[in-house]
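Welcome, and thanks for coming along.

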Amino acid sequence: MTRFFRGVFIVWVVFRYGLDELVLSGFRNPVVRTVRAIITIGRRLDSPRGQRLREALERLGPIFVKFGQVLSTRRDLLPLDIAEELAKLQDRVPPFPSAVAVATIERAFGKKLDDVFASFDQVPVASASIAQVHFAVLKSGREVAVKVLRPGMLPVIEKDLGLMRMMAGWVEALSADGRRLKPREVVAEFDKYLHDELDLMREASNATQLRRNMENLQLVLIPEMIWDHCRSDVLVMERMKGLPINQVERLRAAGVDIPKLARDGVTIFFTQVFRDGFFHADMHPGNIQVSIEPETFGRYISLDFGIVGTLTQFDKEYLAQNFTAFFRRDYKRVAELHIESGWVPPDTRVDELEAAVRAVCEPYFDRPLKDISLGLVLMRLFQTSRRFHVEIQPQLVLLQKTLLNIEGLGRELDPDLDLWSTAKPFLEQWMLEQVGPKKFWNQLKAEAPHYAKLVPELPRLLHDYLRQRPTDLRREVQELVREQRRTNRLLQGLIYGGIGFVLGLLLMQMYVRVSLW
């Protein structure tokens, strides 16, 4: 019954804000226009369409707000007025009362507000779908940002997720193509990440891991968590000072190199994905700023780490090989990778899949970002995948969402950015590290503790073995000498083979570099 009433409420909101009229207004068919005129009788829909859509998403709750946040980054897919209005969802969701925030903080710390902070701004600096942020100063004098969870979020999210699970079950039951998309697994992934956002201690740990991963890159700043003041519903972190990344004119006036900023964004994304397998997965403009402080001028500032994506070593290698093959226009290799990974049936013809992928991707090479749309490319790839029965991988849904966010940010910063040429050198270098001497050396170091423990035990093991049969000691010694000679020959063979292997790797790297360059 809860799901039923939630569904009725969604339908009521759609009619209340005239979203049905917004959809039908895009059709020019006379019959559709007549239907639109009939269903709008008696309803006042004077507000701009973008405002109505934004207010409807806010009324429907946090899941729908997040959907609007993703849409707001896709100005190539939406009319400008709607995109501008949805951008307000990124950090201008109506705040909850400051008194509620103060009560939450005092309950979390078991102290009065004045016993924790020297000063606390009652007016929130940002308000989002899950939490809102206040600036404050600790007793030590350190400036901090205090993130407070919205009250009563869990029941609302559970209702929406229950409705989504029900709809996913319908899709799987009614459509064979729907089963291929694994909607219930996708909803389960969404469920996991939404619940993770409701635990601010998890967000603090995510931020700490990202900060540690990225500290040597010198391209992005991540706030330090004040662990003594972090709770599941209150998070206190270092205050960061910067300009929102979508205020391009202010950044340009401050002297920021905008094209370099766009390239750095691509580098940060691919480093987090392919080097670390741990990436910020909520990169809409409300969560990204640019530092204008002299010592860190021009660096990114990342905020809000409630949603992060993770990839296994297999996922990273598979994706990197796919990207590299795409950038080299090796569509046959792309088709082979899909079959090797089991994403398509093993009886799929490589030449047919190769031709289909080439038809989708070839028109978009050697073109700046302003002339292409990853959204359109993904849509055409989706149509192709349906034909070849490609299974959707739920663990990659966040990566696809983040890639679209990155494209949206890049489009705002530098429409002339060539995404392919920017990412290609990074991926090629990463691939060389996966097959070269560096990878071999790293694996050898990883196994070193095992060998270090085994080698000192060999004399004792040999001694114990010799003591087992003292009457046959001479024969055993002779046998041992023969075994030692065989071992020496084997070691020599291994040494020569190892030298040959290293030389082969060096020659292979030289060949790969020549072929790539």
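Leaving aside its neighbours within four places in sequence, which residues is Tyr-300 in contact with? Select Tyr-300 and look around: its contacts (heavy atoms within 4.5 Å) are Leu-219, Val-220, Leu-221, Ile-245, Leu-261, Ala-262, Asp-264, Gly-265, Ile-268, Ile-288, Gln-289 and Leu-413.

Before moving on, a word on what you are viewing. This is a predicted model, in which local features need pLDDT of at least 70 and side-chain atom pairs count only at pLDDT 80 or more, while totals for chains, interfaces and linings use all residues. Residues are numbered from 1 along each chain as its sequence is written, and side-chain values use heavy atoms, with hydrogens and water left out.

Stop 1: Buried means under 20% relative accessible area, exposed over 50%, and partly exposed in between, with a 1.4 Å probe and protein chains only.

Stop 2: Helices (H or I, at least four residues) and strands (E, at least two) are DSSP runs, numbered from the N terminus. Show β5, β10, β9 and β7: in that order, these four strands form an open sheet with mixed pairing. Strands pair if DSSP finds at least two bridges between them. At the edges are β5 and β7 (242-244). Zoom in on Leu-221, which stands opposite Ile-301 in β10.

**Stop 3: a buried charge.** Select Asp-233, in the loop between β5 (220-221) and β6 (234-238). Asp-233 is buried but has no salt bridge, a link that needs a side-chain nitrogen of Lys or Arg within 4 Å of a carboxyl oxygen of Asp or Glu. The nearest side chain of opposite charge, Arg-107, is 4.4 Å away.

**Stop 4: salt bridges.** The structure holds 14 of them. Pick Arg-54, whose side chain meets Glu-85 at 2.6 Å, N to O. Arg-54 lies in helix α4 and Glu-85 in helix α6 (residues 80-86), so the pair ties together parts 31 residues apart in sequence. Glu-58 also bridges to Arg-54, with the closest N and O atoms 3.2 Å apart.

Notes. Lys, Arg positive; Asp, Glu negative; His and termini not counted.
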